[in-house]
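Here's a quick briefing to read alongside the structure.

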Amino acid sequence: MKNIRITCLALFGGLSLLWLLADNLLGAPYEFFALRRALVNYTGILAVGAMSVGIFLAIRPGFLESFLGGLDKGYRLHKWLGISALALSVVHWLWIKVPKWMVGWGWLERPARKAAGSEEVGVLVGFLRSQRGLAEQVGEWAFYAAVVLILLALFKRFPYRYFFKTHRLLAVVYLTLVFHSVVLMNTAYWASPLGAAMAALLLAGTLAAGISLLRRVGDSRRALGHIEALELHRDNRVLGVDVRLQDRWAGHQAGQFAFVTFDPAEGPHPFTISSAWQGDGRLRFHIKGIGDYTETLPQTLKVGDPLTVEGPYGRFDFAGGKTRQIWVAGGIGITPFIARLQALARQPDSRSIDLFYSTAAPDQTFIERLQQLAGQAGVRLHVLVSGRDERLSGERLRERMPEWHAADVWFCGPAGFGRALRESLIGSGLAAADFHQELFEMR
């Protein structure tokens, strides 16, 4: 999370500083419409800058995973940049519209238009000036479209299959706003460091938008395969899906996830890989029926069905310098720990590990296999059933694990559960860097 804050500070702080250096606002006498013109440019620069980085993150660049701490953190940054771009775009729009309304109401007096100068301008500058009217019109409509699409993306009840399709339209909106920005940004800015920064951001965003529109996101990480076996655990509504890949797979670490496309019309969904890599082209996923799509999978999936797997992604890799680890899984959050148990069963390490598995819907067969796997891996398993056992809190965990302060804590499960556990442990002295959590929200 620290690097997410660093990225936001660098982006908005950097663009603000470059804008101050490029604009003569502070050195000029106050005049409302000059201030308005400068702030229209400033808010537009910040908004399109946020959109540029956000759309670049949407193509899942692998080289940023290490810096951000995983693709899940990248999507969290993508989300907050989208919210920031929305807020800044609204402020940008208000700076354009409200003074015009105030002139119409008689509250402000429109400044006299300057006579057209006779200075010679280059062909490019002349062309840009000739496109200002069009750029203003398409920019306004693109703003309205962006507001609708971003709000739909933030509305969690909007079905994923429609979100997957409508969110791609933001690439078209973004390209329209690139045209709007290039034409309408203060011409003098382009000769400053701000111009170079904006050119780099707009170019990166344009390339990302093209990749998205051509449906080439994650293309180098895709592998075709088919369903080899299915197993439904009815009591906890978890479907085990065994996959056999036909294409080459680079392998994965326990704790990583992949985007799986069972139905091209539905699009890719992220699922944690619940099997350790053995080099045989086989993967296993455990999928909980918790949404309108995943609930239907036991009825719609069949052995032999083709699918596409894209990945692996994530940095929930159980690495750390501590000789003791505490794992906490809530519900379907057990999946990365299953993969790690399999890896440890084949290649043990010297760490002392306790796994707490909290479930509201225990499936006896599922738990028996988990107990067997934990025994093979040398991991102490603690199963906590809601309604039967006391809820696992930070206080309860510290009571059961007296050496908790000397351990790395790895959590995967409901966000609220993880947040409460994190706050309790860190508030009691655990270093923030020793609490690891997958932010498994991709929208």
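This is a predicted model: local features need pLDDT of at least 70, side-chain atom pairs count only at pLDDT 80 or more; totals for chains, interfaces and linings use all residues.

The protein is assigned three stretches to look at: domain 1 (1-110 + 123-214), domain 2 (222-313) and domain 3 (324-437).

**Domains**
- Domain 1 is written in two pieces, 1-110 and 123-214.
- Going by C-alpha atoms, the centres of domain 1 and domain 3 sit 42 Å apart.

**Nonpolar cores**
- The largest nonpolar core is made of 42 residues, and Leu15, Ile45, Leu81, Tyr174 and Met198 have the most contacts inside it.
- At least two residues of this core come from each of helix H1 (2-22), helix H2 (32-57), helix H4 (71-104), helix H6 (132-154), helix H7 (160-184) and helix H8 (193-213).
- H2 is the top contributor to this core, with 11 residues.
- Leaving out residues up to four places away in sequence, Leu81 touches Leu11, Phe12, Ala50, Val53, Gly54 and Leu57.
- There's another core apart from that one, with 22 residues, including Phe318, Ile353, Leu355 and Leu370.

**A buried charge: Glu266**
- You'll find Glu266 in the loop between strand S3 (257-261) and strand S4 (269-272).
- Glu266 is buried but has no salt bridge.
- Beyond its neighbours within four places in sequence, Glu266 contacts Tyr160, Arg161, Phe164 and Tyr293.

Terms used
Residues are numbered from 1 along each chain as its sequence is written. Side-chain values use heavy atoms; hydrogens and water are left out. Domain bounds come from an automatic or database domain assignment. Helices (H or I, at least four residues) and strands (E, at least two) are DSSP runs, numbered from the N terminus. Buried means under 20% relative accessible area, exposed over 50%, partly exposed in between (1.4 Å probe, protein chains only). Lys and Arg count as positive and Asp and Glu as negative; His and the chain ends are not counted. A salt bridge is a side-chain nitrogen of Lys or Arg within 4 Å of a carboxyl oxygen of Asp or Glu. Contact means heavy atoms within 4.5 Å. A nonpolar core is a set of buried Ala, Val, Leu, Ile, Met, Phe, Trp, Tyr and Cys residues joined through side-chain atoms within 4.5 Å.
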